[in-house]
Each structure stands twice: as C-alpha cells, then as structure tokens.
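The following note was prepared for a colleague who wishes to read the model alongside its sequence. Comments are set out as numbered points.

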Amino acid sequence: MWGMSPIDQMICRIGFRQAAYEGIYTPPTTDRRWIQYPGYNGGSDWGGVAVDPRRGWIIANYNDMPNYNRLVPREEANEKGWFPRGDPRLEAQTPGSRGGVPEGAEGAGDPQWGVPYAIDVNAGWRMKSTGMLCKQPPYGGIRAIDIRTGRTVWDRPLGTARKNGPFGIPSMLPIDIGTPNNGGSVVTAGGLIFIAAATDDLIRAIDIETGETVWSEALPAGGQAGPMVYEQDGRQYLVLMTGGHHFMETPKGDQVIAWALPQR
C-alpha cells in the first residue's frame with residue numbers, strides 16, 4: 001500500500017484489511033470488496049507483444065495494477081438504476097448518465113447480462129480523495145524475454161510522472177514511475193523499440209539491448225495505439241495515431257503523425 005502522505009497510506013491499508021484477498025484466485029464477493037490482482041487491464045493488454053526474430057526476443061509492455069471490486073446484487077443494482085446496455089429503463093435515463101454513473105466509466109456499475117449481479121469496479125484502485133492509486137509504483141513496464149529460455153533479459157518501468165499527479169493535476173516531473181499503458185510496440189531491424197502507450201503522452205525509442213530510452217517526443221493527444229514502421233524509396237517512416245483513451249484519461253485527438261529518417 002502506498003500514498004502521497006501517511007494519511008493516504010493509512011486509508012489504503014484500511015481498505016486492504018477490509019477487503020477479501022486470497023491471492024490471484026480470490027473469488028468475487030458481495031458483502032465487501034475484493035482485490036483483483038492483477039486487474040483485468042494487465043499484465044499484457046490488447047496491444048499484444050512484438051517479436052525480434054533475429055534475437056529471438058519478445059518485447060512485452062504490461063500493467064501492474066489491482067482492481068478494487070464488489071459484486072452488487074441485481075435488486076440493489078436496479079435501485080441504483082444500473083440497468084444493462086440495451087435495457088429500455090437505461091435508455092429512458094437522462095442522456096450522459098447511467099444511474100449516477102458517468103457514461104463510459106470503466107466497470108462502474110456494469111450490470112452484466114444474464115447473471116444476478118452488477119459489478120462495481122474501482123479500476124486501478126484509486127483513492128476518491130486524490131485520484132492516486134493505492135498500489136506502490138510502478139504501475140506498468142516493458143520487458144524483453146528470451147523466447148528460447150523464458151528468461152527476462154531486462155525489465156524497465158514504462159512512463160513518467162509528466163502527466164500524472166494528485167487531483168488530476170499534471171506534475172510535469174520526468175521521473176520514471178511506470179504508468180498504466182495501453183497499446184503495443186514495434187521492433188526494427190536496427191535494434192530500436194518504438195512505443196507510446198503510457199499516460200505521459202510521449203512516444204519513445206528504446207534500445208533493445210539495454211532497455212534504455214534513446215529518443216522521445218511529446219504527443220498532442222494520448223498515444224494508446226500500436227505504432228507502424230515501413231520503408232519507401234529507401235527511407236524509413238514511423239507512424240502513430242493519437243486518439244487518446246477514456247480509461248487511461250489521456251487527451252482525445254484525431255491526428256495521424258509520421259516521423260522519418262533524414263533524407264540522404
């Protein structure tokens with residue numbers, strides 16, 4: 001348990017003691033919250049992994065965050081107005097809301113079809129007061145794995161505190177805390193890993209041998225997407241779509257950005 005102050009840490013520790021937690025196979029509970037760790041947002045998420053066939057390495061970025069959940073009996077969910085998507089009672093509610101749950105909120109009050117429960121998910125286990133996570137950083141990382149042996153070659157936090165801070169205020173600190181991340185990477189024959197994915201709104205090039213960042217650039221919106229590399233007329237290009245992400249709470253955008261090696 002972690003916090004920006006002793007009071008924050010105390011609140012998170014109390015929450016831990018009050019919750020059900022029996023390891024990674026903790027069953028869901030209705031009478032109290034249970035800790036889902038790892039949460040459904042990671043380890044690896046939809047971005048998948050990249051492979052360097054020459055070295056025989058997997059490059060995998062991942063999340064390391066718990067969720068703080070509770071199953072909500074259907075009767076209680078109905079009283080809260082948590083109706084399944086497509087239910088006429090949901091459609092009749094005020095536009096932009098779902099029974100007091102913000103539209104699009106990840107896991108908050110999702111009623112689920114065909115089962116006698118809704119689920120209330122505190123994704124990432126965030127404190128209501130500051131919005132910070134109860135788990136000690138890092139919250140995400142990137143690693144290289146030797147396919148032949150399964151050995152981890154290197155493992156580094158992915159993402160800085162640049163766009164993260166209490167009460168939603170960006171700290172602008174270039175400290176590698178390892179942020180939540182969504183979106184994959186791409187590996188070049190020259191030994192570079194290109195990846196955005198993190199919540200600091202940066203795209204970076206990482207040396208595949210060491211895991212060290214050798215180049216980065218700020219993005220106009222969240223880079224939760226898989227980058228693409230290609231060659232045309234002997235010149236190499238890197239392309240990324242910066243659309244943002246509601247769950248990552250990164251800025252929305254509609255840009256497609258291309259970088260290129262200098263012309264010879």
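1. Overall architecture. The model is a predicted one. It contains three helices and 17 strands. Along the principal axes, the C-alpha atoms occupy a box of roughly 70 × 40 × 35 Å. Of the 264 residues in the protein, 45% are buried. Among contacts with a separation of 6 or more, 53% are made by residues 24 or more positions apart.

2. Faces of helix 1. The buried residues of this helix are Asp8, Cys12 and Gly15. Viewed down the helix axis, these buried residues fall within an arc of 55°, and they therefore line one face of helix 1. The partner of the buried residues is strand 4 (67-73), against which they pack. The other side of helix 1 carries exposed residues, namely Pro6, Ile7, Arg17 and Gln18.

3. Val239. This residue belongs to strand 16, which covers residues 235-242. Is Val239 buried or exposed? Its relative accessible area is 14%; the cut-off for a buried residue is under 20%, so Val239 counts as buried. Leaving aside residues up to four places away in sequence, Val239 touches Pro227, Met228 and Tyr230, and also Val256, Ile257 and Ala258. Val239 and Val229 are 10 residues apart in sequence, and their C-alpha atoms are 6.3 Å apart in space.

4. Thr188. The position of Thr188 is in the loop between strand 11 (185-187) and strand 12 (192-195). With a relative accessible area of 10%, Thr188 is buried. Which residues does Thr188 touch, not counting residues up to four places away in sequence? They are Phe194, Val229 and Gln236.

5. Rolling a probe the size of a water molecule over the atoms shows where empty space is left. In this model the count is two cavities of 30 Å³ or more. The largest cavity holds about 40 Å³ of space, and about 40 Å³ is also the value for the second largest cavity.

6. Lining of the largest cavity. The lining includes Gly43, Ser44, Asp45, Trp46, Gly47 and Gly48. Asn61, Tyr62 and Asn63 also contribute, together with Asn181, Asn182 and Gly183. By residue class, this lining divides into two nonpolar, nine polar and one charged.

7. Lining of the second largest cavity. Among the residues that line this cavity are Gly39, Tyr40, Asn41 and Gly42, as well as Met65, Pro66 and Asn67.

8. Cis peptide bonds. The peptide bond from Tyr37 to Pro38 is cis, with omega near 0°. Pro38 is situated in the loop between strand 1 (34-36) and strand 2 (49-52). A cis peptide bond also joins Pro137 and Pro138, with omega about 5°. The loop that holds Pro138 lies between strand 8 (117-123) and strand 9 (140-146).

9. Positive phi at Trp125. Phi of Trp125 is near 55°, which is a positive value in a residue other than glycine. Trp125 is located in the loop between strand 8 and strand 9. Where the cut-off for burial is under 20%, the 4% relative accessibility of Trp125 places this residue in the buried class.

10. Positive phi at Glu249. Glu249, likewise a residue other than glycine, has a positive phi, near 60°. The loop between strand 16 and strand 17 (255-260) contains Glu249. Is Glu249 buried or exposed? Its relative accessible area is 55%, and exposed residues are those over 50%, so Glu249 counts as exposed.

Notes. Residues numbered from 1 in each chain as written. Predicted model: local features only at pLDDT ≥ 70, side-chain atom pairs only at ≥ 80, totals over all residues. Heavy atoms only, no water. Buried < 20%, exposed > 50% of the residue type's maximum accessible area, 1.4 Å probe, protein only. Helix = DSSP H or I, 4+ residues; strand = E, 2+ residues; numbered from the N terminus. Arc of directions from axis to C-beta. Contact = heavy atoms within 4.5 Å. 1 Å grid on protein atoms, 1.4 Å probe; cavity = no way out; pocket = protein on both sides within 12 Å on 5 of 7 lines; lining within 4 Å. Points joined across faces, edges and corners; volume = space filled by probe spheres on them. Nonpolar A, V, L, I, M, F, W, Y, C, P; charged D, E, K, R; others polar.
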